[in-house]
Amino acid sequence: MNAPVSKEPLDARDRPARLTVGVVGAGRVGPALAASLQLAGHRPVAVSGVSDASRRRAAELLPDVPVVEPVEVLARAELVLLTVPDDVLPTLVEGLAETGAVRPGQLLVHTSGRYGARVLDPALRAGALPLALHPAMTFTGTAVDVQRLAGCSFGVTAPQELRLAAEALVIEMGGEPEWIAEESRPLYHAALALGANHLVTLVAQSMELLAKAGVAAPDRMLGPLLGAALDNALRSGDAALTGPVARGDAGTVAAHIGELREHAPQAVAGYTAMARATADRALAHGLLKAELAEDLLVVLADQERRPGGPGPGETR
C-alpha cells in the first residue's frame with residue numbers, strides 16, 4: 001500500500017532526504033533512472049507505459065511498481081521523471097498542468113537533451129520545481145543501463161535556486177553533473193547526436209561491408225581499431241586523424257568510392273560527406289598538404305556532380 005502523499009507545498013530545502021519517484025513514459029531511459037534512484041534509497045511508486053515493450057521494461061527494472069495513468073503517477077510521487085520523446089514533451093507538460101495534476105512543490109524532471117527547464121514553465125506556474133537532467137548515454141532498456149550511469153555525464157539545466165538539488169540527484173545516480181545554459185541546450189544536444197547516433201550508423205555500415213568482404217567476425221576486427229581511434233580522438237582531437245583522406249591519397253579515396261558504388265551504393269553519400277569533413281579538418285590543422293587536398297577535393301566534387309556515375313580512376 002502506498003504511503004499518502006502530502007498536498008502541502010514543500011520547499012526544496014525542506015524535502016525529506018528520500019523521495020517517492022514516479023515515471024511518465026517507460027521507454028528505455030525512465031525505468032533505468034528510477035532504478036538508479038532506488039539504489040540511492042528513493043522509492044519508485046508508479047510508472048506509466050502504453051506499449052507492451054514499455055510495460056516489460058518497467059516490470060524488469062521496477063518490479064512490483066504499479067503501472068498507472070500519467071495523472072496517477074503525479075498523484076503518487078514527489079519526484080516525477082518525464083521520459084517521453086522530445087516532440088511529445090511540451091504537449092504533455094501543458095496537459096498535466098491544465099488538468100491540475102501538477103502539485104505545488106513537486107519535483108518535475110525531464111530527460112530531453114533538446115530542451116532546458118523552460119519547457120516546464122506550465123508546470124512551474126502550477127508550483128512545480130522544474131529540472132532538466134539529460135544523461136549523455138545511450139540506453140538499451142535493460143539492467144545494464146543502470147550500471148552505465150556510473151560516471152555518466154548529465155546535462156543539467158534548472159533555475160539557479162534549484163541547481164544544487166539538480167546536481168545532487170545526478171550525483172545520487174552515480175553521474176557527473178555538467179551545467180548547460182538554457183539557450184545552449186539545442187547545440188549541446190546536436191553535438192551529442194552527431195557523435196553518438198551517427199557513430200552507430202558508421203559502425204553498422206562498416207560491419208556490413210567487412211562481412212561482404214569475407215571477414216568472418218567484423219565486430220572482433222573493428223573492436224580494437226575503433227577503441228583505439230576513439231581513445232586517440234578523445235585525447236588528441238584532430239591530431240588523431242589518420243587514413244587516406246588525412247594523407248591526401250586521392251587515388252585510394254576514388255577506389256573506395258568505386259567499391260562502395262558497386263557493393264553498397266547507399267553508403268556512398270555518407271562516405272563522401274565524411275571524407276569532405278575530414279579533409280577540411282585535416283587541412284585546417286596542418287595535417288593535410290594543400291596540394292594533396294586539391295586532388296582529393298576534385299575526387300569528392302566529381303562524385304557530388306555525378307552521383308550515379310564512376311569517379312576518377314573507375315571504369316564503367
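**Surface, cores and pockets of a predicted model**

The protein has an accessible surface of about 16,700 Å², and 58% of that area belongs to carbon and sulfur atoms. Accessible areas come from the Shrake-Rupley method with a 1.4 Å probe, and for residues only the protein chains shown count as cover. The model is predicted: local features need pLDDT of at least 70, side-chain atom pairs count only at pLDDT 80 or more, and totals for chains, interfaces and linings use all residues. Residues are numbered from 1 along each chain as its sequence is written, and side-chain values use heavy atoms, with hydrogens and water left out.

Along the principal axes, the C-alpha atoms fill a box of roughly 75 × 40 × 35 Å. The secondary structure consists of 13 helices and seven strands; these are DSSP runs numbered from the N terminus, with helices being H or I of at least four residues and strands E of at least two. Of the 316 residues, 41% count as buried, where buried means under 20% relative accessible area, exposed over 50%, and partly exposed in between (1.4 Å probe, protein chains only). Among contacts with a separation of 6 or more, 61% are between residues 24 or more positions apart, a contact being heavy atoms within 4.5 Å.

In soluble globular proteins, nonpolar side chains tend to be buried together. A nonpolar core is taken here as a set of buried Ala, Val, Leu, Ile, Met, Phe, Trp, Tyr and Cys residues joined through side-chain atoms within 4.5 Å. The largest such core has 33 residues, and those touching the most other members are Leu37, Leu62, Leu79, Leu81, Leu131, Leu133 and Phe154. At least two residues of this core come from each of β1 (20-24), α1 (30-39), α2 (52-61), β3 (79-82), β4 (107-110), β5 (129-135), β6 (153-157) and α7 (163-172). Helix α1 gives the largest share, five residues. Apart from this core lies another, of 22 residues, including Val45, Leu82, Val93 and Tyr115.

Beyond its neighbours within four places in sequence, Leu133 is in contact with Val109, His110, Thr111, Phe154, Gly155, Val156, Ala166, Leu169 and Val170. Gly155 counts as buried because its relative accessible area is 1%. Its own contacts, again leaving aside neighbours within four places in sequence, are Ala132, Leu133, His134, Glu178, Ile180, Arg185 and Tyr188. The C-alpha atom of Gly155 is separated by 6.4 Å from that of Pro135, which is 20 residues away along the chain.

Ser54 lies in helix α2 and is buried, at 5% relative accessibility. Not counting residues up to four places away in sequence, Ser54 touches Ala26 and Gly49. Asp64 is in the loop between α2 and α3 (70-76) and is exposed, with a relative accessible area of 81%. Asp64 has a positive phi of about 75° although it is not a glycine.

The pockets and cavities come next. On a 1 Å grid over the protein atoms alone, a cavity is a set of points where a 1.4 Å probe fits but cannot get out, and a pocket is an open set with protein on both sides within 12 Å along at least five of seven lines; lining residues have an atom within 4 Å of a point. Grid points are joined across faces, edges and corners, and a volume is the space filled by probe spheres set on the points. For residue classes, Ala, Val, Leu, Ile, Met, Phe, Trp, Tyr, Cys and Pro count as nonpolar, Asp, Glu, Lys and Arg as charged, and the others, Gly among them, as polar.

The largest pocket has a volume of about 2,600 Å³. Its lining has 48 residues, with Leu199, Leu202, Leu226, Met274 and Thr278 nearest the centre. By class, this lining holds 30 nonpolar, 14 polar and four charged residues. Helices α8 (185-212), α9 (218-236), α10 (244-247), α11 (250-263) and α12 (268-284) each supply at least two lining residues, and the largest share, 15 residues, is from α8.

The second largest pocket contains about 770 Å³ of space. Of its 26 lining residues, His134, Met137, Thr138, His189 and Asn197 lie nearest the centre. The elements giving two or more residues to this lining are β5 and α8, and α8 gives the largest share, ten residues.

There are two cavities of 30 Å³ or more.
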